[in-house]
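This report examines how the parts of one protein chain are held against each other.

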Amino acid sequence: MSQIITSHYSKIHQFEPLLPQTKLESLNPKAIEIIERSSRLGLGIHSSTLASIQELVRSMNSYYSNRIEGQGTHPVNIERALVKDFSDKPNTAKLQRIAVAYIEAEKELEKFTTLGLETTLSSSILVDAHQALYSRLAPQDRTTPDARIIEPGQIRKEDVTVGIHEPPIWTSVPNFLARMDNVYAKSVSFQQGLIAIACEHQRAMWVHPFLDGNGRAVRLQTHLSLLPLTKGLWSMNRGLARNRDAYYAYLSAADSPRQGDLDGRGNLSDKSLSKWCDWFLNIANDQVSFMEKMLELTKMKNHIEALIIFWSSQDKLIRKEAIIPLYHLYLTGPLNRGDFLQMTGLGERNARSLLSRLIQIGLIKSKSHKSPVQFAFPLKALQFLLPNLYPEAATTSDD
């Protein structure tokens with residue numbers, strides 16, 4: 001980022017179109033498919049199990065969004081930071097704090113979920129997202145490489161360049177944001193809304209309203225606006241991060257000026273905006289369809305069985321009798337401890353020893369020694385339970 005003087009973009013007509021004017025016939029069916037797949041996701045699974053998955057996805061959202069920015073820390077470090085276990089290494093600890101701040105900001109923003117796209121796609125929510133993230137960071141954790149301290153939720157008051165892109169001059173940023181509100185912050189069907197979410201993501205990045213943190217703030221807003229569909233069970237950030245080069249390439253291409261008379265009527269390329277939307281919807285569809293397969297009930301039973309068989313070969317305290325009660329927890333939710341012990345079919349001593357070990361390794365969690373037990377998704381079990389969902393969790397920690 002460097003300071004410049006430019007009068008390139010100062011009028012709101014300069015970033016039209018804000019929605020694609022062509023190729024809608026190919027975008028609409030993709031949006032419908034995403035909606036239909038999302039509506040099926042999680043059916044037949046107890047809400048407590050889904051809540052455990054949502055916690056995992058929230059951590060993934062943080063990891064992948066920060067990795068896009070080149071500031072990701074290992075999933076194990078995020079897991080440790082969530083219980084206040086921070087590294088002795090200053091840089092690792094900083095990345096842990098940024099990761100936790102992202103998770104907490106996401107939680108805070110979700111209070112707006114029920115208010116609809118007319119709220120969640122508004123520029124005020126984008127500002128709230130930036131505020132929610134950066135207000136949780138000490139000044140040293142929100143200082144840029146050129147020693148600028150980023151103020152939470154503050155619209156920039158200077159001109160900048162971002163790679164080869166020159167965003168609007170700072171005095172005109174409020175006008176560009178207001179125009180985005182007029183187009184995107186509306187109550188529409190989710191079929192139309194998905195396309196609006198994709199476009200808002202790109203155009204907000206184009207406006208670049210903050211000195212720094214634009215990508216994170218935009219992805220927080222995108223998460224919030226998609227939440228009625230994702231239900232917190234699949235991660236758009238995962239798809240963007242796993243296709244990082246394409247992500248930046250499509251974002252940049254949609255900044256392009258109109259390419260001749262057949263490329264819409266706006267100042268920017270309608271064709272490139274349509275391609276961005278198509279790519280965005282493809283990524284979303286990949287993510288929801290992948291998670292749909294992961295949560296298929298018969299597959300999860302097999303995954304639990306494979307996990308326990310493997311772990312029992314490594315740990316004599318883990319027994320194959322855990323498979324049936326664990327799958328029951330996954331499907332039907334919390335059990336009191338006595339019922340879990342009985343379902344193992346083991347004698348009381350062996351059953352209690354097994355339950356204690358499952359809690360110790362995190363496959364079962366409980367609020368207290370007397371509380372019901374429920375299914376959980378520890379990072380070390382993911383390669384069995386949800387294979388390839390979060391492969392970085394299975395790698396060696398960088399700390």
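## Domains and their interface

The model is predicted, not determined by experiment. The protein is divided into two parts, with domain 1 covering 21–295 and domain 2 covering 297–392. Taken over C-alpha atoms, the centres of domain 1 and domain 2 lie 34 Å apart.

The contact between them involves 26 residues of domain 1 and 23 residues of domain 2. Between domain 1 and domain 2 an area of about 2100 Å² is buried, and carbon and sulfur atoms give 59% of that area. Twelve residue pairs are in polar contact across the interface of domain 1 and domain 2, with both residues of each pair at pLDDT 80 or more. On the side of domain 1 that touches domain 2, the elements giving two or more residues are helix H2 (47–68), helix H3 (75–81), helix H10 (236–242) and helix H12 (270–294). Of these, H2 gives the most, with eleven residues. Sorted by class, this side of domain 1 has 13 nonpolar, seven polar and six charged residues.

Two salt bridges are found across the interface of domain 1 and domain 2.

## Salt bridges

Side chains of opposite charge can pair when their charged atoms come close. The structure as a whole holds 17 salt bridges.

| Pair | N to O distance |
|---|---|
| Arg 219 and Glu 69 | 2.6 Å |
| Asp 141 and Arg 97 | 2.6 Å |
| Arg 136 and Glu 108 | 2.6 Å |

The side chains of Arg 219 and Glu 69 form a salt bridge at 2.6 Å, N to O. Arg 219 lies in helix H9 and Glu 69 in the loop between H2 and H3, so this pair ties together parts that are 150 residues apart in sequence. Arg 219 is buried, with a relative accessible area of 1%, whereas Glu 69 is partly exposed at 31%.

A salt bridge also joins the side chains of Asp 141 and Arg 97 (2.6 Å, N to O). This pair links distant parts of the chain, 44 residues apart: Asp 141 is in the loop between helix H6 (123–134) and helix H7 (173–184), and Arg 97 is in helix H4 (residues 90–109). Asp 141 is buried, with a relative accessible area of 7%, while Arg 97 counts as partly exposed at 32% relative accessibility.

For Arg 136 and Glu 108, the side chains meet at 2.6 Å, N to O. Because Arg 136 lies in the loop between H6 and H7 and Glu 108 in helix H4, the pair ties together parts that are 28 residues apart in sequence. Arg 136 is partly exposed, with a relative accessible area of 33%, and Glu 108 is partly exposed at 30% relative accessibility.

Salt bridges also link Glu 33, Arg 37, Arg 40 and Glu 292 in a network.

## Individual residues

Arg 219 is found in helix H9, which spans residues 214–230. Its side chain makes a polar contact with the side chain of Glu 69 at 2.6 Å. Not counting residues up to four places away in sequence, Arg 219 touches Ser 65, Ile 68, Glu 69, Tyr 102, His 201, Met 205, Asn 237, Leu 240 and Tyr 247.

Ala 284 lies in helix H12. This residue is buried, because its relative accessible area is 1% and the cut-off for burial is under 20%. With neighbours within four places in sequence left aside, Ala 284 is in contact with Ile 34, Trp 234 and Met 236. The C-alpha atoms of Ala 284 and Ile 34 are separated by 7.1 Å, although the two residues are 250 residues apart along the chain.

Is Thr 396 buried or exposed? Thr 396 counts as exposed, because its relative accessibility is 71% and exposed means over 50%. Thr 396 is found in the segment after helix H17 (382–385). The C-alpha atoms of Thr 396 and Ser 356 are separated by 26 Å, and these residues are 40 residues apart along the chain.

Terms used: Residues numbered from 1 in each chain as written. Predicted model: local features only at pLDDT ≥ 70, side-chain atom pairs only at ≥ 80, totals over all residues. Heavy atoms only, no water. Domains from an automatic or database assignment. Contact = heavy atoms within 4.5 Å. Buried area = accessible area lost by both parts, 1.4 Å probe. Salt bridge = Lys/Arg side-chain N within 4 Å of Asp/Glu carboxyl O. Polar contact = N/O pair within 3.5 Å; in protein donor to acceptor, adjacent residues only side chain to side chain. Helix = DSSP H or I, 4+ residues; strand = E, 2+ residues; numbered from the N terminus. Nonpolar A, V, L, I, M, F, W, Y, C, P; charged D, E, K, R; others polar. Buried < 20%, exposed > 50% of the residue type's maximum accessible area, 1.4 Å probe, protein only.
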